[in-house]
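User: I am new to this structure and would like to go through it in questions and answers. Please begin with any term I need.

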Amino acid sequence: MSVKRLTIPTIHRAGSMRSSTGLALGVALMLGGCDTLSNMNPFDKPEVYKPEVVAEVPADRLYNEGLARMQNGDSEGATKKFGEIDKNAPFSPYAKKGLILSAYTNYQASKWDDAITASKRFIAQNPASPDAAYAQYLMAMSYYNQIPDATRDQERTEKAIAAFDELLQKYPKSEYVTDAKEKILVARDQLAGKEMNVGRFYLEKRNYTGAVNRFRDVITKYQTTRHVEEALMRLTEAYMALGITNEAQTAAAVLGHNFPDSPWYKDAYVLLESGGLAPREDRGSYISRAFQGFSKAVVSLNPF
C-alpha cells in the first residue's frame, strides 16, 4: 500500500504579506548598509594568506658554498652560508663544521664579538672536539685584538689573558700554547702600562701614597714586563718624598741588583745621593721579598 504525500495548502493573509514584505525590505537595507560601510572603511580589507614555500637548501651545498666564498675572500658571505646550516640543519654533521668556520670568518672580518660568540657556542656544544682548542684560541685572539692603548679601560685585556690562560690549562699540548704564552706577556705588559700611567699621574699631583700603591702593583704582579725598572725607580722617588728612606733605598738596591745597566737605576742612584743616601736592601721589605727568585723575561716590544 503506497503512502501518498500530503500537500499542505498555504494560507495567505493580507496583513501577513505586508509584514513579510517589510521584513524582507528591512533586511535588504541592512545588508546593503553593511556592504556600503565595508567599502568605505579602508581598514576592512581581509588579507589573503598565500603560503610561501621556500625550498630547503641541503646542508652540504650550503657548506660548500660557504667554503667557496671563504676562499674568495668573502668572509661576510661565507659567514652567512655557515649560519644557514645552523638554522636549516642544526643536527647535521655540517652544522659543527659550519659553526667553527663561522667563528673563523667572523674573526677574518674583524667582527670580534661575533667571533667570540661563535667560539663560545662551539666549545659549549663540542667540548671534546679536536677543534675546541682552536675555538678557544680564536676567542682569546678576538679579545686580544681589541686591547686598547694603556690610557683606556683594560677590560678586554683582562679577558684576553683569562682566555689564553684557559687555553693553557685545558689544552696544554695544543699547537697554540707558545703563541698564547707570548700574547699573555704582551697583554700583562699593557696592564702594567695602565698602572704606570695612573702612578705617574699621582706623582705629578703629589699623591705619593696613591702613586706607591700603583707602582707596588707593577713590581708584585707584573715583574716580567718592561715597566718594572721604571716602577722601582718611581718607588724610590715616591718613598723619598714621603720620607720613608728605608723603602727608597731598598727599591734602588733591588733595581741595581737586577738591572745594573738600566738608566732608571742611574736616576735612582742620583736621587738617593742627593739626599745623602745610597742603595741598601732591607731583606724584610716587601720590595725585596717580591724579587726573591726573580728571573728576567721582560717583554721587549709592545705592539699597542
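Analyst: A residue is called buried when its relative accessible area is under 20%, exposed when that area is over 50%, and partly exposed in between. The model discussed here is a predicted one.

User: What percentage of the residues in the chain is buried?

Analyst: The cut-off for a buried residue is a relative accessible area under 20%. The chain has 304 residues, and the buried share of them is 38%.

User: How many helices and how many strands are there in the chain?

Analyst: Read along the sequence, the pattern is α-α-α-α-α-α-α-α-α-α-α-α-α. The count for the chain is zero strands and 13 helices.

User: Among contacts between residues at least 6 apart in sequence, what percentage joins residues at least 24 apart?

Analyst: A contact here requires heavy atoms within 4.5 Å. Among contacts in the chain between residues at least 6 apart in sequence, the share that joins residues at least 24 apart is 61%.

User: Which residues does Ile 219 contact, leaving aside its neighbours within four places in sequence?

Analyst: Leaving aside its neighbours within four places in sequence, the contacts of Ile 219 are Val 228, Ala 231, Leu 232, Leu 235, Tyr 286, Ile 287, Ala 290 and Phe 291.

User: Which residue has its charged end over the ring of Tyr 286?

Analyst: Tyr 286 is among the contacts of Ile 219. Over the ring of Tyr 286, 5.8 Å from its centre, sits the charged end of Arg 216.

User: What is the angle between the planes of Tyr 134 and Tyr 176?

Analyst: The structure holds 10 aromatic pairs. Tyr 134 and Tyr 176 form a tilted aromatic pair, with 5.8 Å from centre to centre and an angle between the planes of 35°.

User: Why does this pair tie together parts that are apart in sequence, and how many residues separate them?

Analyst: Tyr 134 is partly exposed at 23% relative accessibility, whereas Tyr 176 is buried at 16%. Tyr 134 belongs to helix H6 (residues 132-144), while Tyr 176 is in the loop between helix H7 (155-170) and helix H8 (177-204), so the pair ties together parts whose separation in sequence is 42 residues.

User: Which residue lies over the face of Tyr 63?

Analyst: Ring pairs link Tyr 63 with Phe 82 and Tyr 94 into a cluster. At 5.8 Å from the ring centre of Tyr 63, the residue over its face is Lys 97.

User: Against which helices do the buried residues of H5 pack?

Analyst: H5 has 14 residues and reaches 20 Å from its first C-alpha to its last, close to the 20 Å expected at 1.5 Å a residue. Its buried residues are Trp 112, Ala 115, Ile 116, Ala 118, Ser 119, Phe 122 and Ile 123. An α-helix has 3.6 residues a turn, so residues three or four places apart point the same way. The buried residues of H5 pack against H4, H6 and H7.

User: How far apart in space are Lys 96 and Asn 126, C-alpha to C-alpha?

Analyst: Lys 96 lies in helix H4 and is partly exposed at 40% relative accessibility. Leaving aside neighbours within four places in sequence, Lys 96 is in contact with Phe 122 and Asn 126. Lys 96 and Asn 126 are 30 residues apart in sequence, and their C-alpha distance in space is 8.1 Å.

User: Is Ala 187 buried or exposed?

Analyst: Ala 187 has its place in helix H8. Leaving aside neighbours within four places in sequence, Ala 187 is in contact with Ile 147, Thr 157 and Ile 161. At 0% relative accessibility, Ala 187 counts as buried.

User: What is the phi of Ser 110?

Analyst: Ser 110 is in the loop between helix H4 (93-108) and helix H5 (112-125), and is partly exposed with a relative accessible area of 42%. Although Ser 110 is not a glycine, its phi is positive, at about 65°.

Key
Residues are numbered from 1 along each chain as its sequence is written. This is a predicted model: local features need pLDDT of at least 70, side-chain atom pairs count only at pLDDT 80 or more; totals for chains, interfaces and linings use all residues. Side-chain values use heavy atoms; hydrogens and water are left out. Helices (H or I, at least four residues) and strands (E, at least two) are DSSP runs, numbered from the N terminus. Buried means under 20% relative accessible area, exposed over 50%, partly exposed in between (1.4 Å probe, protein chains only). Rings of Phe, Tyr and Trp (its six-membered ring) pair if their centres lie within 6.5 Å; planes under 30 degrees apart count as stacked, over 60 as edge-to-face and the rest as tilted. A charge sits over a ring if NZ of Lys or CZ of Arg is within 6 Å of the ring centre and within 35 degrees of the ring normal. The expected span of a helix is 1.5 Å times one less than its number of residues.
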